[in-house]
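Look at the chain shown here. The paragraphs below walk through its helices, cores and charged pairs.

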Amino acid sequence: MSFLIAIARLLRFHYGPAHKIPDSPDATVIHGDGTMTSAKKGGDNIGFSGHKKVKGEKIIAFCDRNCNVIAPFVSAPGNRNESPLLREALPLVTRIAASVGLDLKGTIVSLDGVYDCRPNRKAIFNRGMIPNINANPRGRKSAKRGRKPLFDAAIFRERFNTIERVFGWEDKFRRLLLRFDRLSQLHYAFKTLAYTMINLRHFCQG
């Protein structure tokens with residue numbers, strides 16, 4: 001993660017103010033989601049996902065509206081629930097954003113229904129951000145009583161052109177499509193390098 005911070009500071013030194021950087025970070029809305037990578041050779045930090053029916057590891061990543069990865073990921077075995085991982089990822093998001101000069105006060109955090117719970121919403125509010133989480137009915141046949149939480153469907157639909165696109169770009173790196181490394185540190189190092197190349201994609205346009 002320190003490598004990503006160094007890249008961000010290099011961009012600020014080269015371009016000057018943030019608004020002069022191509023597709024500079026738009027921190028008004030950040031999108032987060034989790035993805036799972038199946039493991040073929042075993043190793044550490046791996047578990048069997050009953051939902052995906054595969055053995056592997058999962059991560060949670062965040063990006064802005066311009067598909068710039070803000071926080072690389074929080075990793076966990078495949079059998080871990082993603083919802084508690086969000087509360088581990090939020091401190092990394094705020095720390096990295098502060099390191100590159102991004103102010104996340106008032107930022108909208110858009111997530112899907114997997115992260116819909118009171119502790120997650122409270123953790124986002126406590127950091128001065130606004131949760132935009134699709135409500136999870138959890139098998140209810142009628143609507144839940146009380147005041148409905150804040151939710152903007154238009155912002156939520158942006159995820160298919162932002163965080164899902166980032167995961168699609170990540171799958172272009174064949175080394176990361178399947179995990180063959182037994183050591184998780186080696187696998188995550190390549191994943192961090194892939195996210196760094198995604199953030200530096202402007203220099204590859206020719």
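In H7, the buried residues are Ser184, His187, Tyr188, Lys191, Thr192, Ala194, Tyr195, Thr196, Ile198 and Asn199. Buried means under 20% relative accessible area, exposed means over 50%, and partly exposed lies in between (1.4 Å probe, protein chains only). Helices (H or I, at least four residues) and strands (E, at least two) are DSSP runs, numbered from the N terminus. An α-helix has 3.6 residues a turn, so residues three or four places apart point the same way.

This is a predicted model: local features need pLDDT of at least 70, side-chain atom pairs count only at pLDDT 80 or more, and totals for chains, interfaces and linings use all residues. Residues are numbered from 1 along each chain as its sequence is written, and side-chain values use heavy atoms, with hydrogens and water left out.

Stay with H7. Met197 sits in this helix, which covers residues 184-199. Met197 is partly exposed because its relative accessible area is 44%. Together with Leu183, Leu186, Phe190 and Leu193, Met197 makes a nonpolar surface patch of about 440 Å². Such patches take residues with over 30% relative accessible area and no salt bridge; nonpolar side chains (Val, Leu, Ile, Met, Phe, Trp, Tyr) are joined within 5 Å, like charges within 9 Å. Accessible areas come from the Shrake-Rupley method with a 1.4 Å probe, and for residues only the protein chains shown count as cover.

The expected span is 1.5 Å times one less than the number of residues.

Glu170 and Ala194 are 24 residues apart in sequence, yet their C-alpha atoms are 6.6 Å apart in space. Glu170 belongs to helix H5 (residues 163-171). Glu170 counts as buried because its relative accessible area is 2%.

Now step back to the whole chain. There are 7 helices and 6 strands. Along the sequence they follow the pattern α-β-β-β-β-α-β-α-β-α-α-α-α. Of the 206 residues, 46% are buried.

In soluble globular proteins, nonpolar side chains tend to be buried together. Here the largest nonpolar core has 25 residues, and Phe62, Leu111 and Ile124 touch the most other members. Strand E3 (54-64), strand E4 (69-77), helix H2 (82-99), strand E5 (108-111) and helix H3 (118-126) each supply at least two residues of this core. H2 gives the most, with 7 residues. Another core lies apart from it, with 12 residues, among them Cys67, Phe73, Ile163 and Ile198. A nonpolar core is a set of buried Ala, Val, Leu, Ile, Met, Phe, Trp, Tyr and Cys residues joined through side-chain atoms within 4.5 Å.

At 1.5 Å a residue, the 18 residues of H2 should span 26 Å, and its end C-alpha atoms are 26 Å apart, which agrees. H2 does bend, by about 30° at Glu88, and a proline, Pro91, follows within four residues. The bend is the angle between axes fitted to the seven residues ending at a position and the seven starting there.

Thr107 counts as buried because its relative accessibility is 2%. Side chains of opposite charge can pair when their charged atoms come close. The whole structure holds 9 salt bridges. Each is a side-chain nitrogen of Lys or Arg within 4 Å of a carboxyl oxygen of Asp or Glu. In one of them, Asp33 pairs with Arg159, with the closest N and O atoms 2.8 Å apart. This pair links distant parts of the chain: Asp33 is in strand E1 (residues 29-38), and Arg159, 126 residues apart, is in the loop between helix H4 (153-157) and H5. Asp33 and Arg159 are both buried.

Arg159 also meets Asp112 in a salt bridge (3.8 Å, N to O). Asp112 lies in the loop between E5 and H3, 47 residues apart from Arg159. Asp112 is buried, as is Arg159. Salt bridges that share partners join Asp33, Asp112, Arg159 and Glu164 into one network.
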